Amino acid sequence: MLILSIATGCNQSNTSQTTNSQQSPLVQEAASTPLAQSEKTKVVTTFLPIYLFTKAVAGDAADVEILVPPGTEVHEYQATPSNVKAIATANVLVKNGLGLEEFLADTIKNAQNPKLTEIDASKGIKPLNEISPVEKTAKEEKDHNYEHAAGNPHIWLDPVLAKQQVTNIRDGLIIADPRNQATYEANAAAYIKELESLNSKFQQNLQKTPNCTFVTFHDAFPYLAQRYNLKQVAVVEIPEDQLSPADVQNAVNVVKKYKVKALFSEPGVDNKLLTSLSKDLKLTLRPLNSLETGETYPQYYLKAMKANLQTLETACK
């Protein structure tokens, strides 16, 4: 597999994905106190993809909030007092898991909410670990890509695994708020049907480009690559700061060695180094969306992933 990662992009040191003994009974898997009939369940979610999935399942039956503003680096996020307050007054907390949300442990502890139900959306999903060599362009660079002992956390970028996340969220909401079970089941079923359609489109359209080799600047796409027989053949780290001419040449040589067909950045990333590198490699730099920034309506996930599919089709021809 081949991915280029900006040093500031994914600093992912491992955090236990389940609440430790210090935090219980602050977080309990399924022990929410029943709400008064007039009250809506208050649900807080960690970052954009988890918000989108949770909102799709909850609809109007629950109030859903997001802790990490879209576009904010979730891997290095520092909790705010408003985050603590949100968790302190919530009935349910939904997280991606796999060690992604490092800020949660202390935030939950500080919130002191013994009635909080926590939903781990990665439950039952087998994570990928390092499956390709790591290439570094600058000696001082630290490996940011695979510090998660729990594995790579970017499971939401595989539509099939996204279905499992939606199912986990549905089941957790039903346990926390059984009076709205029918609503959660119906909403989840409708969204899962759309995810199944999305998966079918990926399968059908990417059959034409088997083993397409590509490079990204964020270690976010190994699940997507594995699902649809794309090929990432290494991890190449490029720091955001200015590189020496020797470092730039090293990056060019590494990418050329793997004979990649496609080069991807992320929407909204303006990095002169990446643009220069793409010219040296004679590859078009295209945007591939990791869904960590964007709009906050549930259909946005489907919209962004369809755009990703079109990008992959064009780049891999």
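Author: Happy to! Let us begin with R179, which is partly exposed, because its relative accessibility is 34% and that class runs between 20% and 50%. Please keep in mind that this is a predicted model, so every value here is computed from predicted coordinates.

The partner of R179 is D177: their side chains form a salt bridge, with N and O 2.8 Å apart. The two ends of this pair are placed unlike each other. D177 has a relative accessible area of 2%, which means that D177 is buried, whereas R179 counts as partly exposed.

This bridge belongs to a set of seven salt bridges in the structure. Another one of them joins R170 to D171, where the closest N and O atoms are 2.9 Å apart. Here R170 is partly exposed at 22% relative accessible area, and D171 is likewise partly exposed, at 32%.

A further salt bridge brings the side chains of E65 and K42 together, at 3.8 Å from N to O. E65 sits in strand β4 (residues 62–66) and K42 in strand β3 (residues 41–45), so this bridge ties together parts that are 23 residues apart in sequence. E65 is partly exposed, with 34% relative accessibility, while K42 is buried at 19%.

Two packed helices are described by the angle between their axes and the distance between the axes. For helix α1 (residues 48–58) and helix α4 (residues 159–176), the axes come within 9 Å and cross at roughly 55 degrees. α1 is therefore oblique to α4, and the crossing is right-handed. On the α1 side the contact is made by I50, F53, T54, V57 and A58; on the α4 side, by A162, Q165, V166, I169, R170 and L173.

Setting aside neighbours within four places in sequence, Y191 touches F53, A56, V166, P298, Q299, Y301 and L302. Y191 and V166 are 25 residues apart along the chain, and their C-alpha atoms are separated by 8.2 Å.

For a second example of helix packing, look at helix α7 (residues 245–257) and helix α8 (residues 272–281). Their axes come within 10 Å and cross at roughly 50 degrees, which means that α7 is oblique to α8. This crossing, too, is right-handed. α7 contributes V248, A251, V252, V255 and K256 to the contact, and α8 contributes L273, L277, D280 and L281. The residues of this contact divide into seven nonpolar, no polar and two charged.

To come back to where we started, the pair to keep in view is D177 with R179, joined by a salt bridge at 2.8 Å, with D177 buried and R179 partly exposed.

Terms used:
Residues are numbered from 1 along each chain as its sequence is written. This is a predicted model: local features need pLDDT of at least 70, side-chain atom pairs count only at pLDDT 80 or more; totals for chains, interfaces and linings use all residues. Side-chain values use heavy atoms; hydrogens and water are left out. Axes are lines fitted to C-alpha atoms, for helices over the stretch in contact, and angles run from 0 to 180 degrees between N-to-C directions. Helices (H or I, at least four residues) and strands (E, at least two) are DSSP runs, numbered from the N terminus. Angles under 35 degrees count as roughly parallel, over 145 as roughly antiparallel, 65 to 115 as roughly perpendicular and the rest as oblique. A crossing is left-handed if the near helix is turned anticlockwise from the far one by less than a right angle, and right-handed if clockwise. Contact means heavy atoms within 4.5 Å. Ala, Val, Leu, Ile, Met, Phe, Trp, Tyr, Cys and Pro count as nonpolar, Asp, Glu, Lys and Arg as charged, and the others, Gly among them, as polar. A salt bridge is a side-chain nitrogen of Lys or Arg within 4 Å of a carboxyl oxygen of Asp or Glu. Buried means under 20% relative accessible area, exposed over 50%, partly exposed in between (1.4 Å probe, protein chains only).
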